[in-house]
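We will go from stop to stop, with something to pick out at each one.

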Amino acid sequence: MDLLNTLVDKGLRRETPTREEALAVLATSDDDLLDVVAAAGKVRRHWFGRRVKLNYLVNLKSGLCPEDCSYCSQRLGSTAGILKYTWLKPDQASEAAAAGLAGGAKRVCLVASGRGPTDRDVDRVSDTIKAIKDRHEDVEVCACLGLLSDGQAERLRAAGADAYNHNLNTSEATYGDITTTHTYADRVDTVHKAHAAGLSACSGLIAGMGERDEDLVDVVFALRELDPDSVPVNFLIPFEGTPLAKEWNLTPQRCLRILAMVRFVCPDVEVRIAGGREVHLRSLQPLALHLANSIFLGDYLTSEGQAGKADLEMIADAGFEVEGADEVTLPEHRAAAAGGGCGSDAEKAGCGSHAGGGVCGTAEASAPAEPRTDLVAVRRRGAGTDLAPNA
(Lines give C-alpha, C1' and ligand atoms only; values in the text may rest on other atoms or scores of the structure.)
Protein backbone atom coordinates (compact mmCIF):
# COMPACT_ATOMS: atom_id res chain seq x y z
CA MET A 1 0.00 0.00 0.00
CA ASP A 2 1.30 3.44 -0.90
CA LEU A 3 -0.10 4.82 2.35
CA LEU A 4 1.85 2.40 4.53
CA ASN A 5 5.07 2.88 2.55
CA THR A 6 4.69 6.62 2.98
CA LEU A 7 4.06 6.28 6.72
CA VAL A 8 7.08 4.04 7.22
CA ASP A 9 9.31 6.51 5.36
CA LYS A 10 7.98 9.38 7.45
CA GLY A 11 8.37 7.41 10.68
CA LEU A 12 12.01 6.63 9.96
CA ARG A 13 12.61 10.35 9.33
CA ARG A 14 10.59 11.47 12.40
CA GLU A 15 8.31 13.37 10.06
CA THR A 16 4.70 14.06 11.04
CA PRO A 17 2.01 12.28 9.01
CA THR A 18 -0.91 14.32 7.80
CA ARG A 19 -4.21 14.09 9.65
CA GLU A 20 -5.70 12.38 6.61
CA GLU A 21 -3.00 9.72 6.73
CA ALA A 22 -3.60 9.12 10.44
CA LEU A 23 -7.33 8.81 9.84
CA ALA A 24 -6.65 6.40 6.99
CA VAL A 25 -4.81 4.05 9.38
CA LEU A 26 -7.90 3.90 11.60
CA ALA A 27 -10.07 3.25 8.53
CA THR A 28 -8.13 0.24 7.25
CA SER A 29 -10.00 -3.03 6.94
CA ASP A 30 -9.35 -6.18 8.92
CA ASP A 31 -8.03 -7.71 5.69
CA ASP A 32 -5.22 -5.13 5.75
CA LEU A 33 -4.55 -5.30 9.49
CA LEU A 34 -1.40 -7.43 9.38
CA ASP A 35 0.05 -5.11 6.74
CA VAL A 36 -0.61 -2.16 9.06
CA VAL A 37 1.03 -3.95 12.01
CA ALA A 38 4.04 -4.91 9.87
CA ALA A 39 4.50 -1.34 8.64
CA ALA A 40 4.23 0.25 12.09
CA GLY A 41 6.46 -2.55 13.40
CA LYS A 42 9.26 -1.39 11.10
CA VAL A 43 9.12 2.05 12.69
CA ARG A 44 8.99 0.60 16.21
CA ARG A 45 12.00 -1.67 15.61
CA HIS A 46 13.99 1.14 13.97
CA TRP A 47 13.82 3.29 17.10
CA PHE A 48 13.48 0.68 19.87
CA GLY A 49 14.70 -2.64 18.48
CA ARG A 50 12.99 -5.63 20.07
CA ARG A 51 13.12 -4.27 23.62
CA VAL A 52 10.02 -4.05 25.83
CA LYS A 53 10.14 -1.73 28.81
CA LEU A 54 8.26 -2.92 31.89
CA ASN A 55 6.52 -0.47 34.21
CA TYR A 56 4.87 -1.19 37.54
CA LEU A 57 1.98 0.69 39.15
CA VAL A 58 1.69 1.38 42.86
CA ASN A 59 -1.66 2.88 43.84
CA LEU A 60 -0.74 5.09 46.80
CA LYS A 61 -4.31 6.15 47.58
CA SER A 62 -7.34 4.43 46.11
CA GLY A 63 -10.88 5.66 45.57
CA LEU A 64 -12.91 8.57 46.98
CA CYS A 65 -11.85 11.06 44.29
CA PRO A 66 -13.80 14.35 44.14
CA GLU A 67 -13.49 14.59 40.34
CA ASP A 68 -16.25 13.27 38.05
CA CYS A 69 -14.25 11.67 35.20
CA SER A 70 -16.81 9.34 33.61
CA TYR A 71 -14.32 6.59 32.78
CA CYS A 72 -12.87 6.23 36.28
CA SER A 73 -13.87 3.68 38.92
CA GLN A 74 -12.50 6.03 41.61
CA ARG A 75 -14.69 8.98 40.54
CA LEU A 76 -17.17 10.96 42.58
CA GLY A 77 -20.35 8.90 42.74
CA SER A 78 -18.79 5.65 41.53
CA THR A 79 -20.44 2.53 42.90
CA ALA A 80 -17.77 0.20 41.54
CA GLY A 81 -16.67 -2.22 44.25
CA ILE A 82 -13.02 -1.20 44.20
CA LEU A 83 -10.49 -1.10 47.01
CA LYS A 84 -10.63 2.16 48.97
CA TYR A 85 -7.80 3.25 51.26
CA THR A 86 -5.88 6.35 52.22
CA TRP A 87 -2.18 7.03 51.70
CA LEU A 88 0.24 4.12 51.93
CA LYS A 89 3.20 4.76 54.18
CA PRO A 90 6.56 5.10 52.40
CA ASP A 91 7.76 1.67 53.54
CA GLN A 92 4.51 0.06 52.34
CA ALA A 93 4.84 1.71 48.94
CA SER A 94 8.50 0.73 48.73
CA GLU A 95 7.61 -2.88 49.52
CA ALA A 96 4.96 -2.87 46.81
CA ALA A 97 7.40 -1.37 44.30
CA ALA A 98 9.99 -4.02 45.12
CA ALA A 99 7.65 -6.75 43.85
CA GLY A 100 7.41 -5.12 40.43
CA LEU A 101 11.13 -4.47 40.23
CA ALA A 102 11.83 -8.11 41.09
CA GLY A 103 9.60 -9.04 38.14
CA GLY A 104 11.71 -7.00 35.72
CA ALA A 105 10.17 -3.52 35.85
CA LYS A 106 12.55 -0.60 35.48
CA ARG A 107 10.02 2.17 36.16
CA VAL A 108 7.69 2.49 39.15
CA CYS A 109 4.61 4.68 38.68
CA LEU A 110 3.31 6.17 41.92
CA VAL A 111 -0.36 7.10 41.52
CA ALA A 112 -2.83 8.75 43.87
CA SER A 113 -6.49 9.53 43.31
CA GLY A 114 -7.68 13.10 43.70
CA ARG A 115 -7.85 16.42 41.89
CA GLY A 116 -4.23 17.20 42.71
CA PRO A 117 -1.75 17.02 45.58
CA THR A 118 -1.60 19.35 48.55
CA ASP A 119 1.85 20.46 49.65
CA ARG A 120 1.62 17.87 52.42
CA ASP A 121 0.85 15.23 49.80
CA VAL A 122 3.97 16.24 47.87
CA ASP A 123 5.95 15.75 51.09
CA ARG A 124 4.43 12.26 51.47
CA VAL A 125 5.28 11.30 47.91
CA SER A 126 8.78 12.76 48.26
CA ASP A 127 9.37 10.54 51.29
CA THR A 128 8.07 7.57 49.30
CA ILE A 129 10.39 8.31 46.37
CA LYS A 130 13.33 8.44 48.80
CA ALA A 131 12.32 5.15 50.40
CA ILE A 132 12.16 3.45 46.99
CA LYS A 133 15.44 4.90 45.73
CA ASP A 134 17.23 4.05 48.95
CA ARG A 135 16.51 0.39 48.15
CA HIS A 136 16.75 0.61 44.35
CA GLU A 137 19.09 3.42 43.36
CA ASP A 138 18.69 3.10 39.58
CA VAL A 139 14.91 2.72 39.36
CA GLU A 140 12.94 5.30 37.38
CA VAL A 141 10.13 6.85 39.39
CA CYS A 142 7.13 8.47 37.72
CA ALA A 143 4.56 10.34 39.82
CA CYS A 144 0.90 10.67 38.83
CA LEU A 145 -0.90 12.82 41.38
CA GLY A 146 -3.33 14.89 39.33
CA LEU A 147 -3.23 18.60 38.58
CA LEU A 148 -0.08 20.34 39.80
CA SER A 149 0.16 23.75 41.44
CA ASP A 150 3.09 26.09 40.91
CA GLY A 151 6.32 24.77 42.37
CA GLN A 152 5.12 21.22 43.01
CA ALA A 153 6.78 19.71 39.94
CA GLU A 154 10.08 21.25 41.01
CA ARG A 155 9.71 19.77 44.49
CA LEU A 156 9.02 16.30 43.06
CA ARG A 157 12.05 16.61 40.79
CA ALA A 158 14.22 17.63 43.74
CA ALA A 159 12.92 14.59 45.66
CA GLY A 160 14.18 12.29 42.92
CA ALA A 161 11.19 11.86 40.61
CA ASP A 162 12.23 11.20 37.03
CA ALA A 163 8.88 11.66 35.28
CA TYR A 164 5.34 12.91 35.72
CA ASN A 165 2.24 11.38 34.16
CA HIS A 166 -0.87 13.34 33.32
CA ASN A 167 -2.98 12.11 30.42
CA LEU A 168 -5.01 14.26 28.04
CA ASN A 169 -7.35 11.24 27.66
CA THR A 170 -9.46 12.56 24.77
CA SER A 171 -9.75 15.44 22.34
CA GLU A 172 -10.29 18.99 23.51
CA ALA A 173 -13.61 19.07 21.64
CA THR A 174 -15.05 16.14 23.59
CA TYR A 175 -13.34 16.63 26.94
CA GLY A 176 -16.36 18.33 28.51
CA ASP A 177 -18.45 15.25 27.73
CA ILE A 178 -16.40 13.05 30.07
CA THR A 179 -15.36 15.47 32.84
CA THR A 180 -16.88 18.67 34.23
CA THR A 181 -14.83 19.26 37.40
CA HIS A 182 -11.71 20.35 35.52
CA THR A 183 -10.83 21.26 31.95
CA TYR A 184 -8.68 20.02 29.11
CA ALA A 185 -6.60 23.20 29.51
CA ASP A 186 -5.93 22.26 33.15
CA ARG A 187 -4.42 19.00 31.97
CA VAL A 188 -2.29 20.67 29.32
CA ASP A 189 -1.03 23.11 31.94
CA THR A 190 0.12 20.29 34.23
CA VAL A 191 2.08 18.63 31.41
CA HIS A 192 3.75 21.99 30.75
CA LYS A 193 4.61 22.32 34.44
CA ALA A 194 6.24 18.88 34.44
CA HIS A 195 8.29 19.75 31.35
CA ALA A 196 9.39 23.08 32.78
CA ALA A 197 10.61 21.41 35.98
CA GLY A 198 12.85 19.04 34.03
CA LEU A 199 10.67 15.99 34.54
CA SER A 200 10.18 13.57 31.67
CA ALA A 201 6.59 14.16 30.60
CA CYS A 202 4.30 11.15 30.23
CA SER A 203 0.89 11.83 28.70
CA GLY A 204 -1.52 9.64 26.79
CA LEU A 205 -5.11 8.81 25.99
CA ILE A 206 -8.05 6.53 26.65
CA ALA A 207 -9.71 4.87 23.65
CA GLY A 208 -13.14 3.30 23.63
CA MET A 209 -15.22 6.03 25.28
CA GLY A 210 -17.48 6.49 22.26
CA GLU A 211 -15.17 8.94 20.51
CA ARG A 212 -14.91 9.35 16.75
CA ASP A 213 -11.79 8.61 14.71
CA GLU A 214 -11.30 12.37 14.39
CA ASP A 215 -11.17 12.68 18.19
CA LEU A 216 -8.48 10.01 18.46
CA VAL A 217 -6.40 11.73 15.81
CA ASP A 218 -6.94 15.11 17.48
CA VAL A 219 -5.69 13.93 20.86
CA VAL A 220 -2.66 12.11 19.41
CA PHE A 221 -1.65 15.17 17.38
CA ALA A 222 -2.11 17.30 20.50
CA LEU A 223 0.15 14.89 22.38
CA ARG A 224 2.79 15.16 19.71
CA GLU A 225 2.66 18.92 20.06
CA LEU A 226 3.05 18.61 23.85
CA ASP A 227 6.18 16.53 23.33
CA PRO A 228 5.94 13.79 25.99
CA ASP A 229 8.70 11.18 26.15
CA SER A 230 6.12 8.45 26.73
CA VAL A 231 2.54 8.02 25.53
CA PRO A 232 0.42 5.48 27.40
CA VAL A 233 -2.51 4.16 25.38
CA ASN A 234 -5.35 3.04 27.65
CA PHE A 235 -8.37 1.09 26.45
CA LEU A 236 -11.47 1.86 28.50
CA ILE A 237 -12.27 -0.70 31.18
CA PRO A 238 -16.07 -0.33 31.49
CA PHE A 239 -16.49 -0.75 35.23
CA GLU A 240 -20.00 -1.41 36.47
CA GLY A 241 -20.95 1.53 38.64
CA THR A 242 -19.47 4.17 36.30
CA PRO A 243 -21.25 6.23 33.59
CA LEU A 244 -19.34 4.43 30.80
CA ALA A 245 -20.12 0.90 32.00
CA LYS A 246 -22.00 0.10 28.77
CA GLU A 247 -19.34 1.48 26.40
CA TRP A 248 -18.03 -1.72 24.81
CA ASN A 249 -16.85 -0.20 21.52
CA LEU A 250 -13.48 -1.87 20.97
CA THR A 251 -12.35 -4.98 19.16
CA PRO A 252 -8.80 -6.37 19.24
CA GLN A 253 -8.40 -5.24 15.63
CA ARG A 254 -9.52 -1.71 16.47
CA CYS A 255 -7.01 -1.55 19.33
CA LEU A 256 -4.18 -2.57 17.02
CA ARG A 257 -5.13 0.12 14.50
CA ILE A 258 -5.14 2.74 17.26
CA LEU A 259 -1.69 1.66 18.48
CA ALA A 260 -0.37 1.72 14.92
CA MET A 261 -1.70 5.25 14.38
CA VAL A 262 -0.03 6.43 17.59
CA ARG A 263 3.25 4.86 16.52
CA PHE A 264 3.15 6.57 13.13
CA VAL A 265 2.36 9.98 14.65
CA CYS A 266 4.98 9.68 17.43
CA PRO A 267 7.51 7.27 15.95
CA ASP A 268 10.42 7.73 18.38
CA VAL A 269 8.41 8.04 21.60
CA GLU A 270 7.89 5.32 24.20
CA VAL A 271 4.43 4.04 23.34
CA ARG A 272 3.02 2.09 26.27
CA ILE A 273 0.10 -0.31 26.24
CA ALA A 274 -1.65 0.62 29.47
CA GLY A 275 -4.96 -0.27 31.12
CA GLY A 276 -7.42 -2.52 29.33
CA ARG A 277 -5.07 -4.51 27.10
CA GLU A 278 -6.17 -7.83 28.56
CA VAL A 279 -9.86 -6.88 28.27
CA HIS A 280 -9.77 -5.64 24.67
CA LEU A 281 -6.66 -7.01 22.91
CA ARG A 282 -7.08 -10.42 24.51
CA SER A 283 -5.28 -13.11 22.44
CA LEU A 284 -3.86 -10.46 20.09
CA GLN A 285 -1.71 -8.90 22.81
CA PRO A 286 1.52 -10.32 21.30
CA LEU A 287 0.81 -8.50 18.02
CA ALA A 288 0.59 -5.24 19.94
CA LEU A 289 4.22 -5.64 21.00
CA HIS A 290 5.15 -4.98 17.37
CA LEU A 291 3.63 -1.50 17.80
CA ALA A 292 4.32 -0.50 21.40
CA ASN A 293 7.66 -0.82 23.18
CA SER A 294 6.38 -0.60 26.74
CA ILE A 295 3.72 -2.24 28.94
CA PHE A 296 2.58 -2.32 32.54
CA LEU A 297 3.53 -5.49 34.38
CA GLY A 298 0.85 -7.21 36.45
CA ASP A 299 -2.09 -5.35 37.96
CA TYR A 300 -3.40 -1.83 37.37
CA LEU A 301 -4.82 0.74 39.79
CA THR A 302 -8.21 -0.79 40.56
CA SER A 303 -8.35 -3.76 38.17
CA GLU A 304 -6.38 -6.97 37.91
CA GLY A 305 -4.06 -7.48 34.99
CA GLN A 306 -2.56 -10.54 33.41
CA ALA A 307 -0.25 -12.51 35.67
CA GLY A 308 3.25 -11.08 35.65
CA LYS A 309 4.70 -14.47 34.68
CA ALA A 310 2.35 -14.60 31.69
CA ASP A 311 3.48 -11.12 30.61
CA LEU A 312 7.11 -12.24 30.63
CA GLU A 313 6.29 -15.44 28.74
CA MET A 314 4.31 -13.47 26.16
CA ILE A 315 7.23 -11.13 25.53
CA ALA A 316 9.65 -14.02 25.09
CA ASP A 317 7.28 -16.07 22.91
CA ALA A 318 6.72 -13.08 20.61
CA GLY A 319 10.47 -12.80 20.03
CA PHE A 320 11.03 -9.69 22.15
CA GLU A 321 13.21 -9.12 25.20
CA VAL A 322 12.71 -7.23 28.45
CA GLU A 323 14.63 -3.97 28.51
CA GLY A 324 17.41 -4.06 31.07
CA ALA A 325 17.92 -1.55 33.86
CA ASP A 326 21.16 -0.43 32.25
CA GLU A 327 19.60 0.22 28.84
CA VAL A 328 18.37 3.65 27.78
CA THR A 329 14.76 3.50 26.64
CA LEU A 330 14.65 6.49 24.31
CA PRO A 331 16.61 6.85 21.09
CA GLU A 332 19.87 8.76 21.51
CA HIS A 333 18.60 12.02 20.04
CA ARG A 334 15.68 12.15 22.49
CA ALA A 335 17.62 10.98 25.52
CA ALA A 336 20.33 13.56 24.81
CA ALA A 337 17.71 16.29 24.62
CA ALA A 338 16.56 15.50 28.18
CA GLY A 339 12.91 15.39 27.26
CA GLY A 340 13.26 16.57 23.68
CA GLY A 341 10.40 16.32 21.28
CA CYS A 342 8.66 13.81 19.13
CA GLY A 343 10.31 15.60 16.21
CA SER A 344 12.07 18.79 15.28
CA ASP A 345 10.46 22.23 15.56
CA ALA A 346 10.02 22.30 11.81
CA GLU A 347 8.23 18.97 11.92
CA LYS A 348 5.97 20.18 14.72
CA ALA A 349 4.98 23.14 12.58
CA GLY A 350 3.34 20.68 10.19
CA CYS A 351 1.22 18.96 12.86
CA GLY A 352 -1.96 20.56 11.59
CA SER A 353 -1.49 19.71 7.92
CA HIS A 354 -4.44 18.16 6.10
CA ALA A 355 -2.66 17.60 2.80
CA GLY A 356 -2.05 14.34 0.97
CA GLY A 357 -2.55 10.72 2.01
CA GLY A 358 -4.81 7.98 0.72
CA VAL A 359 -7.25 5.60 2.34
CA CYS A 360 -6.34 1.91 2.18
CA GLY A 361 -9.62 0.19 2.98
CA THR A 362 -12.69 1.04 4.97
CA ALA A 363 -13.55 0.62 8.61
CA GLU A 364 -15.49 -2.44 9.63
CA ALA A 365 -19.16 -1.58 10.05
CA SER A 366 -20.03 -4.54 12.23
CA ALA A 367 -20.56 -4.02 15.95
CA PRO A 368 -18.10 -5.48 18.48
CA ALA A 369 -18.74 -8.99 19.71
CA GLU A 370 -20.60 -9.57 22.97
CA PRO A 371 -18.94 -7.55 25.77
CA ARG A 372 -16.43 -9.58 27.77
CA THR A 373 -17.58 -8.36 31.15
CA ASP A 374 -16.00 -11.45 32.69
CA LEU A 375 -12.58 -9.97 31.94
CA VAL A 376 -13.14 -6.90 34.15
CA ALA A 377 -11.75 -8.04 37.49
CA VAL A 378 -11.46 -5.66 40.45
CA ARG A 379 -8.01 -5.67 42.05
CA ARG A 380 -8.07 -7.44 45.44
CA ARG A 381 -4.33 -7.94 46.01
CA GLY A 382 -1.16 -5.87 46.35
CA ALA A 383 -1.11 -2.28 47.63
CA GLY A 384 -3.76 -1.60 50.23
CA THR A 385 -4.33 -5.29 51.02
CA ASP A 386 -2.62 -8.07 52.97
CA LEU A 387 -2.21 -10.22 49.85
CA ALA A 388 0.91 -10.52 47.73
CA PRO A 389 0.93 -8.33 44.59
CA ASN A 390 0.85 -9.63 41.04
CA ALA A 391 4.24 -9.07 39.42
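**Before you start**

This is a predicted model, in which local features need pLDDT of at least 70 and side-chain atom pairs count only at pLDDT 80 or more, while totals for chains, interfaces and linings use all residues. Residues are numbered from 1 along each chain as its sequence is written, and side-chain values use heavy atoms, with hydrogens and water left out.

**Stop 1**

Select Lys-10, which lies in helix 1 (residues 2-12). Helices here are DSSP runs of H or I with at least four residues, strands are runs of E with at least two, and both are numbered from the N terminus. Is Lys-10 buried or exposed? Lys-10 is buried, at a relative accessible area of 11%. On this scale buried means under 20% relative accessible area, exposed over 50%, and partly exposed in between, with a 1.4 Å probe and protein chains only. Now show the contacts of Lys-10: leaving aside neighbours within four places in sequence, they are Glu-15, Thr-16, Pro-17, Thr-18 and Glu-21. Contact means heavy atoms within 4.5 Å.

Next, pick Arg-14, in the loop between helix 1 and helix 2 (19-26). Its phi is near 60 degrees, a positive value in a residue other than glycine. Arg-14 is partly exposed, with a relative accessible area of 23%.

**Stop 2: the nonpolar cores**

Select Val-58, Leu-110, Leu-156, Leu-205, Phe-235, Leu-259 and Met-261, the residues with the most contacts inside the largest nonpolar core, which has 100 residues. A nonpolar core is a set of buried Ala, Val, Leu, Ile, Met, Phe, Trp, Tyr and Cys residues joined through side-chain atoms within 4.5 Å. Helix 10 (residues 252-265) supplies the largest share of this core, nine residues. A second, separate core of nine residues includes Cys-109, Cys-142, Cys-144 and Phe-296.

Zoom in on Val-58. Not counting residues up to four places away in sequence, Val-58 touches Leu-88, Ala-93, Ala-96, Ala-97, Val-108, Cys-109, Leu-110 and Val-111.

**Stop 3**

Which residues of helix 13 (residues 308-317) are buried? Colour Gly-308, Asp-311, Met-314 and Ile-315 to see them. They cover an arc of only 120 degrees around the axis, so they sit on the same side of helix 13; the arc is that of the directions from the helix axis to the C-beta atoms. Turn to the face away from this buried side, and you will find the exposed residues Lys-309, Ala-316 and Asp-317.

Now show what the buried residues of helix 13 pack against: strand 1 (51-61), helix 11 (277-280), helix 12 (285-288), strand 9 (294-296) and strand 10 (321-322). Just after helix 13, Gly-319 has a positive phi of about 85 degrees.

While you have helix 11 and helix 12 on screen, select Arg-282 in the loop between them. Arg-282 is a residue other than glycine with a positive phi, near 50 degrees. Its relative accessibility is 27%, which counts as partly exposed.

**Stop 4**

The structure holds three cavities of 30 Å³ or more. On a 1 Å grid over the protein atoms alone, a cavity is a set of points where a 1.4 Å probe fits but cannot get out, while a pocket is an open set with protein on both sides within 12 Å along at least five of seven lines; lining residues have an atom within 4 Å of a point.

The largest cavity has a volume of about 900 Å³. Of the 41 residues that line it, Tyr-71, Cys-72, Gln-74, Asn-167 and Leu-301 are the closest to its centre.

The second largest cavity has a volume of about 110 Å³. Select Tyr-56, Leu-57, Arg-379, Gly-382 and Ala-383, which lie nearest its centre among 13 lining residues. Strand 1 gives the most to this lining, with four residues.

Finish at the largest pocket, which holds about 600 Å³ of space. Its lining has 31 residues, with Lys-53, Arg-107, Glu-140, Asp-162 and Ser-200 nearest the centre.

Notes: Points joined across faces, edges and corners; volume = space filled by probe spheres on them.
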